[in-house]
Amino acid sequence: MNNISEISIIFLSGLNEIRNYRSPLFFLTLMCYAIIIFVNVCVVLTIILNNELHEPMYILLCAFCMNSLYGTAGFYPKFLWDLLSPVHVISYSGCLLQAQVLYSFACSDLSILALMAYDRYLAICRPLKYHSVMSKQRVITLVCLAWTMPFCIMAVNTILTYRLKLCNPYINRLICLIWSIVMLACFPAETTANSIFASFTILIYALHSVVIGWSYMFLIKTCVGSIENRRKFMQTCVPHLISLFTFTATILFDVIYIRFGSNNLPQSFRNFVSIEFLLIPPIMNPLIYGFKLTKIRNKILSVATMKMK
């Protein structure tokens, strides 16, 4: 029984059925990661380098894009290495680290989306209180909490997972996720603490969804009777709603698949479901905000025009 707890290598078998396509997949993945880095860095630098964009809405957007860079860094470099390697393995500690990064990234995204919804609620529904409540210092503090709290909560999940004794070193996925590791445990009774804390975590982030829903309920009620408020809503809230819908759809799809998915589905489809939250939102979000928000679009276009001259 002592050997059970000494598993130090995890085998990721998600790529086993697509060995013949590894070269084109490598270049497509590399191009995708390059695009993610480029568009997110463009938005981040545009906001940081322009003092007139140092407003709550843009600070939150900057944090949103920085979080995308953090989350994708936990997946793409390792995945690109796996595509070039004949054996797809990761150390157990590395597997836990990847799970920690990916889960904290997803939870931070939801926290920042909740802050964005509250920011738009104050800006449109309570404009006189907006600058006193959403000061620059307070927004930066809230952003730091939106990063550190999910990281600490997920660290507890990771520590609870680390104590488990594993009977199987094989994960039939491209990435390490905490639930995938927990399912390798030898003794189901030992996973009770994991299930309880996971339920607590879900409850916390379900409350984030309540904040978002509450904010938009008042936003829509306020905007119905005012042309000016409707214009503000279309300009600043629509990009947030698109980001929120994209994030929610990808995460829910993945969670439903983890819990209820069938092994009879094609491996390529299962692979896409498992990484879509690392593919679609990190590319779409900066593009949506870059095109929709006038100030950011104008700044990026002015820089591009100067470079062309």
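## A walk through the helices and a few residues

(The expected span of a helix is 1.5 Å times one less than its number of residues; helices are DSSP runs of H or I with at least four residues, strands are runs of E with at least two, and both are numbered from the N terminus.) Colour α2 by burial and you'll find it mostly covered, with 14 of its 18 residues buried. Here buried means under 20% relative accessible area, exposed means over 50%, and partly exposed is in between, using a 1.4 Å probe and protein chains only.

A quick note before moving on. What you have open is a predicted model, in which local features need pLDDT of at least 70 and side-chain atom pairs count only at pLDDT 80 or more, while totals for chains, interfaces and linings use all residues. Residues are numbered from 1 along each chain as its sequence is written, and side-chain values use heavy atoms, with hydrogens and water left out.

**Zoom out**

Now show the whole protein chain as a cartoon: it has 12 helices and three strands. Its radius of gyration is 21 Å, close to the 19 Å that the globule rule gives for 309 residues, so the chain is as compact as a globular protein of that length. (That radius is taken over C-alpha atoms, and the rule is 2.2 Å times the number of residues to the power 0.38.) Along the principal axes, the C-alpha atoms fill a box of roughly 65 × 50 × 35 Å. Of the 309 residues, 48% count as buried. Contact means heavy atoms within 4.5 Å, and among the chain's contacts with a separation of 6 or more, 79% are between residues 24 or more positions apart.

Next, pick residues 92-125. This is helix α4, whose 34 residues reach 49 Å from first C-alpha to last, close to the 50 Å expected at 1.5 Å a residue. Is α4 enclosed or open? With 30 of its 34 residues buried, α4 is largely enclosed by the rest of the structure.

Then try residues 22-49, helix α1: 28 residues, reaching 39 Å between its end C-alpha atoms, close to the expected 40 Å. Show the side chains of its buried residues, including Phe26, Thr29, Tyr33, Ile36, Val39 and Val43.

- Thr161 sits in helix α6, residues 136-162. At 0% relative accessibility, Thr161 is buried. Leaving out residues up to four places away in sequence, Thr161 touches Tyr92, Leu96, Ile178, Ile181, Val182 and Asn194.
- Cys176 is in the loop between β3 (170-171) and α7 (178-182), and Cys176 is buried too, with a relative accessible area of 0%. Its contacts beyond four places in sequence include Leu12, Cys95, Gln98 and Leu102. Draw a distance to Ile90: 86 residues away along the chain, yet the C-alpha atoms are separated by 9.0 Å.
- Tyr170 belongs to strand β3. Its relative accessibility is 47%, so Tyr170 counts as partly exposed. Finish with a distance from Tyr170 to Lys292, 122 residues apart along the chain: their C-alpha atoms are separated by 44 Å.
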